[in-house]
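Please examine the sequence and the structure below.

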Amino acid sequence: MNKTLTFRCGLILALLALPLAGKAQDYPTRPVRFVVPYPAGSSPDMLARLIGEHLGRRIKQTVIIDNKAGAAGMIGARSIADSPADGNTLLMYTPAWPAQKIFVKKPLLPVPEGLKPVTLVATGRLALVAAQALPATNFSEMVGYAKAHPGKLNYATTGPGDVLLDFEILKRATGIKVEHIQYKGAALIITALVANEVQLGLQAEATTEAFVKEGKLKVFGVTGETRSAVYPDAPTFNELGLPKIRSNWMGIFVHSGTHGDTVSRLNADLVAVIKSPEVSKRMAAVHFEPVASTPEQLGQRVQSDIADWTAIAAAVGIQPE
């Protein structure tokens, strides 16, 4: 072999060894950061810790849970955009993500193009819970009391998002006037309900069950097509004439610039974790139904929510600020 041919072969081999432009990076390349844009102890936090534990075993990397609460989850979401687009940073989010498009003209991260969907994780029922001090034993009595005392009752949310829109549906359907108070997380809302600082809240079954069983809160309705096994005596919102109030969902997203091959690899690993018998069983124990999906299905869910929230906002006169 002459020197020219040897040089050319070496050059070709060297070029082949270089990473191609746009090619997915090896994954994972380092410990994975799993951002939860809600406080520790919240439902998204519980599921992120469960999934992170099993994902770490599968990919043989440490998964670090990073709670970044605030601004209806947007602070945590924004931190994703400031991270490398290599799939090593994950985000657990809820319908509060698409709802940002309704409330904010220029959110901290554009909706929905600011994130790339990976998979749905789970769905879970929401329960309309009330302070024990509220002089009503069911939904109808609550509506009657609220109409007789306009503006006296308060309801709690974590700020502009899907639950605030759900309460707008409730107010419009019933004609009641109740005042909104914002809290930083579900735990603070539950504390405020027990203390009668607020009288109404729409919270996950997992966060309300113990307080209802102890007689500290009462339930007036639940999401879902059928009655809840946790609260079998509580009517569904469909039964109460509020069909647009739907169950909660949680999904995992990554940086919008993450390569499609990396997203596919992540999706395969996460779907395997979510569908595993141990994870599915532990989700069911805290009243969540495992829902593993394709990235496209999560993206469609986000777009569907945006369309629904836009229609609701138009009906009740909410304008983005």
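The largest cavity of this predicted model has a lining of 27 residues, and those nearest its centre are Tyr38, Thr158, Val163, Gln203 and Asn248. The space inside the largest cavity comes to about 410 Å³. Two or more lining residues are given by each of H2, helix H6 (162-174), helix H7 (186-194), strand E8 (200-204) and strand E10 (248-255). Sorted by class, the lining of the largest cavity holds 14 nonpolar, eleven polar and two charged residues.

The model has three cavities of 30 Å³ or more. H6, E10 and helix H11 (295-316) each give two or more residues to its lining, and H11 gives the most, with three residues. The residues that line the second largest cavity are Pro95, Leu126, Asp162, Asp166, Arg246, Ser247, Asn248, Trp249, Arg301, Asp305 and Trp309. By class, four of these are nonpolar, two are polar and five are charged.

What, then, lines the largest pocket? Its lining consists of Thr123, Gly124, Arg125, Glu205, Ser228, Ser247, Ala284, His287, Phe288 and Glu289. Strand E4 (115-124) and strand E11 (288-290) each supply at least two of the lining residues. The largest pocket holds about 160 Å³ of space, and its lining divides into two nonpolar, five polar and three charged residues.

Attention now turns to a pair of strands. Strand E6 (residues 154-157) runs parallel to strand E7 (residues 179-182), and four bridges join them. Within this pairing, His180 in E7 stands opposite Tyr155. Tyr155 and Thr157 point one way from E6, whereas Asn154 and Ala156 point the other way. On both sides of E6, these residues are buried.

The largest nonpolar core has 47 residues, and Phe34, Ile51, Met92, Tyr93, Trp97, Val121 and Met283 have the most contacts inside it. Helix H2 (residues 43-59) provides the largest share of this core, six residues. Phe34 illustrates the contacts involved: beyond residues up to four places away in sequence, Phe34 touches Ala48, Ile51, Gly52, Val63, Ile64, Ile65, Asp66, Leu90, Leu91, Met92 and Ile252.

Notes. Residues are numbered from 1 along each chain as its sequence is written. This is a predicted model: local features need pLDDT of at least 70, side-chain atom pairs count only at pLDDT 80 or more; totals for chains, interfaces and linings use all residues. Side-chain values use heavy atoms; hydrogens and water are left out. A nonpolar core is a set of buried Ala, Val, Leu, Ile, Met, Phe, Trp, Tyr and Cys residues joined through side-chain atoms within 4.5 Å. Buried means under 20% relative accessible area, exposed over 50%, partly exposed in between (1.4 Å probe, protein chains only). Contact means heavy atoms within 4.5 Å. On a 1 Å grid over the protein atoms alone, a cavity is a set of points where a 1.4 Å probe fits but cannot get out, and a pocket is an open set with protein on both sides within 12 Å along at least five of seven lines; lining residues have an atom within 4 Å of a point. Grid points are joined across faces, edges and corners, and a volume is the space filled by probe spheres set on the points. Ala, Val, Leu, Ile, Met, Phe, Trp, Tyr, Cys and Pro count as nonpolar, Asp, Glu, Lys and Arg as charged, and the others, Gly among them, as polar. Two strands pair if DSSP finds at least two bridges between them.
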